[in-house]
Amino acid sequence: MIIKVSHIGIAVNSIDAMLKLYIEALGLKLAGTEVLADQKVKTAIIPVGESKIELLESTDPEGPIAKFIEKKGEGLHHIALEVPDIRAALAELKKKNIPLIDIEPRRGVENTTIAFLHPKESKILLELVEAKK
Ligand code: ZN
């Protein structure tokens, strides 16, 4: 069901401030930034081999990332696992009674489709990603 770790999502106050570390100091490359207006978040994607780091900066003080940082501080927000077929994966998890945040997949960055599992089962927020075909 799982292909690989797609990306690791990190909640930060400022993407620009973090690029000093990831791009200048660690020598990684910025693939791009994207705003998901409906999710009140700006993202920066930094490929790391087969996987990526996804920096998440809130675009709204009421957004989910702003709320997360307010409660837990900046840091690890979620781990995303790539699946070949997100609808099939969600149906299988539902059958196994795994609690889900998203029953229906929604749009993620880079034209992916994503869905979050509920952290009460996984202890960390897990995201499923189906890459664009
Ligand atoms: Zn993500």
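**Close-up views of a predicted model**

**View 1. Asp102 sits in a loop and is buried.** With a relative accessible area of 10%, Asp102 is buried (under 20% relative accessible area; exposed is over 50% and partly exposed lies in between, with a 1.4 Å probe and protein chains only). Its loop runs between α3 (86-95) and β6 (106-107); helices (H or I, at least four residues) and strands (E, at least two) are DSSP runs, numbered from the N terminus. The model is predicted, so local features need pLDDT of at least 70 and side-chain atom pairs count only at pLDDT 80 or more, while totals for chains, interfaces and linings use all residues. Residues are numbered from 1 along each chain as its sequence is written, and side-chain values use heavy atoms, with hydrogens and water left out.

View 2. His7 in strand β1 (residues 4-11) and Glu127 in strand β8 (residues 125-130) link distant parts of the chain, 120 residues apart. Both His7 and Glu127 are buried.

**View 3. Helix α2 has a buried side and, opposite, exposed residues.** In α2 (residues 64-72), the buried residues are Ile65, Ala66, Phe68 and Ile69. They cover an arc of only 160° around the axis, which puts them on the same side of α2; the arc is that of the directions from the helix axis to the C-beta atoms. On the other side you will find Glu70 and Lys71, which are exposed.

**View 4. Lys52 and Glu110 meet in a salt bridge.** Their side chains come to 2.9 Å, N to O; a salt bridge is a side-chain nitrogen of Lys or Arg within 4 Å of a carboxyl oxygen of Asp or Glu. The pair links distant parts of the chain, 58 residues apart: Lys52 is in strand β4 (residues 51-58), and Glu110 is in the loop between β6 and β7 (113-116). Lys52 counts as partly exposed at 27% relative accessibility, and Glu110 counts as partly exposed at 31%. The whole structure holds 6 salt bridges.
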